[in-house]
Amino acid sequence: MLMKALRTARLVETLFAKDIAQRATRDGYGDGLVEVGAKNPNVVVLCGDLKESTRAEWFEKKYPERFVECGISEQNMAAMAAGLALSGKIPFVATYAVFCPGRNWDQVRISICYQNANVKLSGAHAGISVGPDGATHQAMEDIAITRVLPNMTVIAPCDAEETRKAVHAAAEIRGPVYLRFARHKTPVFTTPKTPFRIGKALVLTEGSDAGIIACGPIVYSALEAARQLSEKGIGVRVIDMATVKPLDGATIQKAAWDTGAIVTAEEHQRHGGLGGAVAEALTSQGPVVPQEFVAMPDHFGESGQPDELLAHYGMDADALVAAVHRVIKRKRG
Amino acid sequence: MKPPHTLKELERIAAQIREDIIRMLVEAGSGHSAGPLDLADVFTALYFGGVLRHNPKKPDWPERDRLIMSNGHVAPVVYATLARAGYFPLKELRTLRKFGTRLQGHVDRSTPGPRAKWSKHLPGIENTAASLAQGIGIAVGTALAGVMDKKKWQVHCITSDGEHDEGSFWEAILFAGNRRLWNLTVIVDRNNIQIDGMTEDIAPLEPLRAKYEAFKWHVIDVDGHNIEQVIDACNEAKAIYEKPVAIIAHTIAGKGVSFMEYDYQWHGKPPDPEQAKQALRDLRSLRGQIVGEHE
């Protein structure tokens with residue numbers, strides 16, 4: 001039986017077409033900013049000298065009076081965002097993930113999270129798919145250092161469309177949010193009708209042999225892996241866990257009960273990311289099942305093309321297929 | 001709010017605040033002495049000298065002037081001033097740094113989590129300040145919000161000289177100068193000490209005035225223990241529309257307590273009960289110059 005996406009997920013019809021639309025998740029961020037800017041006059045955008053590559057520029061063109069160029073000063077940008085939030089604004093902070101929450105984590109911790117300030121942080125250029133810029137610019141630790149913070153919501157959307165929706169959702173909830181997105185173009189496989197809710201995972205395919213729980217553009221690789229495996233008669237449940245915090249524990253538990261074998265997938269270090277969060281959920285709430293981590297193997301990245309890097313460090317569809325085989329083997333003992 | 005107090009009364013209030021600080025610190029058994037003592041005159045000027053438009057009965061009044069703290073470790077002077085101004089009962093000062101208190105070790109405007117023992121933040125506190133040089137950024141963001149919304153309220157930010165060591169402090173100063181945030185006044189507690197020694201030995205700040213001016217700020221130097229001068233400088237700052245203003249308040253660390261004055265070792269520790277007695281005696285008698293009847 002060949003894999004089919006669930007109707008409830010409302011994905012694009014031509015999921016595996018060669019000419020599926022490709023768009024970077026950062027483009028979805030840019031669209032989302034312009035839309036929430038139109039909806040809510042309190043939305044302001046702060047940018048750290050990266051308005052073109054974070055797409056914050058799209059907002060600036062529409063609402064120049066609500067765009068704040070902060071220069072290369074991510075620490076002050078985060079503290080200022082807290083001040084703006086305490087005065088009733090909804091600041092979106094746009095820069096690369098290595099700088100925010102990387103460089104300014106102390107400001108994020110105290111001024112934003114501890115004060116529960118209504119600030120929306122945006123980590124652009126997250127993951128190894130940043131490519132040629134190399135290890136310094138590839139944020140592989142940002143999920144770990146944001147999800148550890150009380151009051152923080154952490155979202156890593158799977159495609160441009162989901163990113164757009166996540167921007168809306170972030171603007172609507174009260175409190176700090178970290179949105180993570182990527183530089184390079186990836187398939188747009190969700191549609192405006194695909195459900196999105198903060199804290200609610202989306203089951204994309206059904207299957208009872210193993211579950212893949214993923215966040216970010218690697219979700220599409222998980223679908224590809226599930227298709228390849230279905231050709232061999234292996235049924236995989238693919239779950240888009242866009243919200244890493246608060247984690248949808250019920251969907252994870254159900255997947256573990258139904259499949260007995262879990263693979264987590266993310267463009268992030270294997271320590272402290274989504275995989276860690278899923279393991280925490282399963283070991284504390286049960287059931288404890290074999291889990292394989294598709295993630296960066298405790299290593300820094302390097303320059304290269306996104307696909308080369310994802311293949312080399314084991315974060316592509318092939319790595320997922322292998323991980324599913326491994327986890328099923330472990331399940332069978 | 002009109003200044004209802006004469007200079008004599010203001011000086012008396014400042015002395016009272018210093019006594020409160022000593023009592024709070026000795027009761028808490030930990031905390032900072034030098035900074036809170038040397039800022040007592042500045043805080044008296046702000047809250048009792050007619051500088052801040054504020055209302056202790058309506059701490060969240062939208063048109064209030066904002067006092068943003070950047071050196072949150074001087075919490076005792078903030079708490080004592082707010083209590084004396086009527087924001088909360090004086091007796092609550094005794095709870096400083098104790099489990100379940102609203103008077104956290106560093107000024108605090110967090111939203112308590114479900115497990116916290118205290119139920120709401122202390123009235124009159126605008127922000128959380130602890131890790132240095134964050135409050136200045138919050139103040140700049142607050143001032144920016146005021147300018148964006150064409151508000152009339154002013155933002156005052158209290159900073160220590162030591163925290164000028166932080167690189168991010170100057171990020172904020174650069175931004176505010178560039179954006180000409182006219183509604184922002186920074187008051188620098190220039191007491192020349194930090195935890196490990198004298199500021200000019202550790203990371204020299206001078207010429208501090210020239211640094212601010214180079215960042216497009218207007219600078220006013222005042223004697224931080226001359227309440228009248230502090231009030232005048234704050235009013236001058238309000239009248240300057242083209243730039244943010246830095247008031248460098250030259251203070252004596254530990255002001256008012258003979259054995260604490262000028263000594264950096266009192267930056268981060270409280271007096272013990274014996275020392276507290278001596279300190280209170282100093283404060284009541286202007287360092288032994290006047291012997292009161294209660295002695």
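Biologist: How many C-beta neighbours inside 10 Å does Gln229(B) have, and does Gln229(B) count as buried or partly exposed?

Modeller: Please keep in mind that this is a predicted model. A residue is called buried when 20 or more other C-beta atoms lie within 10 Å of its own, and because Gln229(B) has 19 such neighbours, Gln229(B) counts as partly exposed. Gln229(B) sits in helix H9 of chain B, which covers residues 227-239, and, leaving aside neighbours within four places in sequence, Gln229(B) is in contact with Val222(B) and Asp223(B).

Biologist: What span should the 13 residues of helix H7 of chain A have, and how far apart are its end C-alpha atoms?

Modeller: At 1.5 Å a residue, helix H7 (residues 218-230) of chain A should span 18 Å, and its end C-alpha atoms are 18 Å apart, so the two agree. H7(A) is mostly covered, with 10 of its 13 residues buried, including Tyr220(A), Leu223(A) and Arg227(A). The buried residues of H7(A) pack against several elements of chain A, among them strand S10 (210-214) and helix H11 (317-332).

Biologist: Which residues touch the most other members of the largest nonpolar core?

Modeller: In soluble globular proteins, nonpolar side chains tend to be buried together. Here the largest nonpolar core has 209 residues, of which Ile212(A), Leu320(A) and Ile247(B) touch the most other members. This core draws at least three residues from each of domain 1 (22-187) and domain 2 (194-332) of chain A. Leaving aside neighbours within four places in sequence, Ile247(B) is in contact with residues including Ile187(B), Val222(B) and Ala237(B).

Note on methods:
Residues numbered from 1 in each chain as written. Chains lettered and ligands numbered in written order. Predicted model: local features only at pLDDT ≥ 70, side-chain atom pairs only at ≥ 80, totals over all residues. Helix = DSSP H or I, 4+ residues; strand = E, 2+ residues; numbered from the N terminus. Buried ≥ 20, exposed ≤ 12 C-beta atoms within 10 Å, placed from the backbone. Contact = placed C-beta atoms within 7 Å. Expected span 1.5 Å × (residues − 1). Core = buried A, V, L, I, M, F, W, Y, C linked by C-beta atoms within 7 Å. Domains from an automatic or database assignment.
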